[in-house]
Amino acid sequence: MPGNQDSASRSPLSQQTPSRGRRKQKSNPRGQSTPQLQGQTPQQNQNIKNASPGEGDTPKTKAQLRAERRALQEAQRAAKAATKQSPSTPVSTKKTPRKFGLQMQDTADKHDKVSISGGETPRNVTSISTIQRRTGFFAHLPRYQHNVSLTKDANPKIHPAILKLGLQYVEGVICGSNARCLALLGTLKQVIETYSTPKQKELSRDLSTNLKKNMDFLAQSRPLSVGMINAFKHLKSCINGIPREKAEDEAKQDLYGCIDSYKQSILLAGKAIAKNLIENDKITDGDTIMVYAFSSLIKNVLCEAHDKGKTFSVIVVDGRPKLEGREMLRRLVKHGIKCSYILISAASYVMREVTKVLLGAHALLANGYVMSRVGSSQVALIARSYNVPVLVCCETYKFTEKVQTDSFVSNELGDPNSLVQIGKKENYLSNWKEQKSLHLMNFIYDVTPSDLISMVITELGMVPCTSVPVVLRIKQV
Amino acid sequence: MWLRNGQMETIDIQIKDPIVRNKVDGLIEDLKHGNILGSYQLAKNTVEVLLHMISKEELANVKKLISVIREQGQRLMSAQPSETVVGNMVYRVLKIIRDECRAIDETAEEQSQESIQKSSTAPGDDVSNKDILSLKKLLLAEGDVDISDKSISSLKAPIIDAVNELLVELDTSQENISAQALEHIHSNEVIMTAGQSHTVEAFFKKAAKKRTFKVIVVECAPFYQGQKMATNLASAGINTTLITDSAVFAMMARVNKVIIGTHTVMANGGLKAINGCHAIALAAKYHSVPLVVCAPMYKLSPKYLCSCDQVAFNKFASPEDVMSFSEGEILSKAQIYNPIFDYVPPELVTLYIFNIGGNAPSYVYRLLSELYDTEDQEL
């Protein structure tokens, strides 16, 4: 496996692993004694040693053995040279990842163009990616892929709207859990519109498989957010609930209704959360509210509070490398709210003046932990140490039954190269790839423990962090 | 010296020697313009200037010497108040001078005592006599020996020797700290550090010769010294990972130790460190990760954090680093902060590694009394 070769063993053996299968087959029939290359396991050596006397003929002389060995090495070297000349033609889906992985290792970073075949590659094969040095704790997560041509080799069954959406996700045009979910629902509606049941197939089954393929493609472009997964589950249950006899048009109308109502529930939930906060005086006059990075929900809440006449000031905390806080700052300032802006390293300096912290969430886990943009846990920790209440605003559609205790097991990796740019100054890390001992780590989410959070505000009311499984049960009923 | 508002600065400049005066003025200029980078260089320059002052100035007695140094020291410290190292070195030199005075007095007293008791006591009792003398001084608090009339001639040589020793101590502090590296780093450890500290860099490089470990460096925006540190460590062959400031809490769960440098060690055992260190210290406390601070003794300051607003404590850099002026429109409507320092309270620090050895933060007050004299609390 490519992973095992990470110790950069450049022995001849590693370069010839793909053909090991073929070589083994050669050594099994009795007539041949395959020569031993350096680094083969003693067991294999034994097998080969046992193979040659088993011939029954007179044992070959050392010179003959040596000559045979040399001939085989030449043949394998020639085969390797031949395969090296055609690096980018995928022979078969299963074998190519390994071959690519190893070849890429020899020529690190030179072959950047990579293609993902949407829908055809099985889910468990991590797509071929440019070599990035594995940073120990995240070696199990799919690495960030750049310069990826999503649409090349794409499965023609993928709807063009889905292709467009996938590209928008990858490029970061659509960013943020609510935005991604709403965009997904809109696109799925388009897919259903153009869908027509093939003859002799049931609408619910066929549509499900079709949508599943599309979702797989999106998952490969960028890992699905919890909200998107929940929305899709809801849609699937709607599809499964369609009776067999129903006409296609009617069924489609039902599905549109289902999607629209889900969308509405998301938007209304946002409004309900704002109402909860304002009416219960969670935002009072004279407050200094700290927010972190960009959350569309928090932005709406603050704008509505401002419209209702509350006077407060906001401190926007920002974190590298995404610097989404600038967008938040821009929108709040445009709305007329008094704002300050700091980087997260200065959070402990300003925390003394803060009266409450409002955080958005990507997902709420069943053990009460909050998964949010990386850095939120740090803001929550600093707030806790200064006894500032931390309020998390989250719609219930983002609640999940997953549980997690740390930020490593399940996360999303970002582009390490985005750490290199530091504005006007000369970049210290421009040659980071040449330094073998240097790794850059950029991950997107982190998990905030429930004891750092005072309260979660949902459209169902204000609950403590640990009430997530209760809410999930209520929603199922 | 001309001041900015056009007035002439009228202080009693007691320095007569023009070379020494130039040196002092040169150092003040450097301090004001920030030409000297790094605490070590600052400390060294300050001590060298003071050494010149002591050796070249023609002064009648020790009292005058002390007052000259106090005055010039005050000028140096007010040139750049945030650089505490300058003040530390002035206090150190003053303590050296006072100590030498006391030493000469004590030997004089001892000789007189000895001549009195020579007949009656056995040699073994001499020790107890000395103890009685110093105890007597402590209990009766007779105050400092009257040094006004001490002539400087006999003291100059020992004072200059002692100040040279101080210079040697400055030079060797980094080595002495690195020599303790193997006692604090075990194999396959994951160590977190922040920003760039030459002391910590030397510490890691020394340990890396015999141990393998991983280092996670926090980049410390908006100055990004962490990035420089990461490249330096990686070129030394240490397995280094660079993370952003926002990832500190998330990463801390897998860190075994946090080793940072600091700008100053405050008198209560707290730190004046680079921006972001308080967050790191809090995360370390939350995850029960020991926080180790490598600091040479010249960074130990007798000052306390007087106000929680950090008014006299913190310094601010241009907000350009946080949000560049090209953002224009929103910039004019928002307040942008860019503090340079961070205060870390002593309860979050586990261990200090000084050049004289390791200590808990609660012991810092004792070290202070060994380095600085109580007479010099305020210059």
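A residue is called buried when its relative accessible area is under 20%. With that cut-off in hand, helix α14 of chain A is a friendly place to begin. In this predicted model, α14(A) spans residues 376-385 and is mostly covered, with 8 of its 10 residues buried. The buried residues are Ser376(A), Ser377(A), Gln378(A), Val379(A), Ala380(A), Leu381(A), Ile382(A) and Ala383(A). After this helix comes Asn387(A), where phi takes a positive value near 60°.

Positive phi values also turn up elsewhere in the two chains. Most residues other than glycine have a negative phi. Ala293(A) has a positive phi, near 50°, although the residue is not a glycine. Ala293(A) sits in the loop that runs between β3 (287-292) and α11 (296-307) of chain A. The relative accessible area of Ala293(A) is 4%, which is under 20%, so the residue counts as buried. In chain B, Ser288(B) likewise has a positive phi, of about 55°, and belongs to the loop between α10 (277-286) and β7 (291-294). Ser288(B) is exposed, because its relative accessibility of 64% is over 50%.

The backbone has other features to look at, in the form of cis peptide bonds. Most peptide bonds are trans. In chain A, Arg320(A) and Pro321(A) are joined by a cis bond with omega of about -10°, and Pro321(A) lies in the loop between β4 (312-318) and α12 (325-335). In chain B, a cis bond with omega of about -5° connects Ala221(B) to Pro222(B). The loop that holds Pro222(B) runs between β2 (213-218) and α8 (225-235).

Turning to charged side chains, the structure contains 24 salt bridges over all chains. One of them pairs Lys356(A) with Asp287(A), at 2.7 Å from N to O. Lys356(A) belongs to strand β6 (residues 356-360) and Asp287(A) to strand β3 of chain A, so this pair ties together parts that are 69 residues apart in sequence. Both partners are buried, with relative accessibility of 12% for Lys356(A) and 6% for Asp287(A).

Lys257(B) is buried at 15% relative accessible area, and Glu189(B) is buried at 2%.

Another salt bridge lies within a helix. Glu248(A) and Lys252(A) meet at 3.9 Å, N to O, and both belong to helix α10 (residues 248-279) of chain A, 4 residues apart, or about one turn. An α-helix has 3.6 residues a turn, so residues three or four places apart point the same way. Glu248(A) is partly exposed at 27%, whereas Lys252(A) is buried at 9%. Salt bridges also link Glu202(A), Arg205(A) and Arg244(A) into a network.

On the surface, Lys62(A), Arg66(A), Arg69(A) and Arg70(A) gather in a patch of positive charge. Among them, Arg69(A) lies in helix α4 (residues 62-85) of chain A and is partly exposed, with a relative accessible area of 32%.

Finally, chain B as a whole has 12 helices and 11 strands. Of its 379 residues, 53% are buried. Its accessible surface comes to about 17100 Å², and carbon and sulfur atoms account for 52% of that area.

How values were computed
Residues are numbered from 1 along each chain as its sequence is written. Chains are lettered from A and ligands numbered from 1 in the order in which they are written. This is a predicted model: local features need pLDDT of at least 70, side-chain atom pairs count only at pLDDT 80 or more; totals for chains, interfaces and linings use all residues. Side-chain values use heavy atoms; hydrogens and water are left out. Patches are made of residues with over 30% relative accessible area and no salt bridge: like charges are joined within 9 Å, nonpolar side chains (Val, Leu, Ile, Met, Phe, Trp, Tyr) within 5 Å. Accessible areas come from the Shrake-Rupley method with a 1.4 Å probe; for residues, only the protein chains shown count as cover. A salt bridge is a side-chain nitrogen of Lys or Arg within 4 Å of a carboxyl oxygen of Asp or Glu. Lys and Arg count as positive and Asp and Glu as negative; His and the chain ends are not counted. The place of a charge is taken as NZ of Lys, CZ of Arg, CG of Asp or CD of Glu. Buried means under 20% relative accessible area, exposed over 50%, partly exposed in between (1.4 Å probe, protein chains only).
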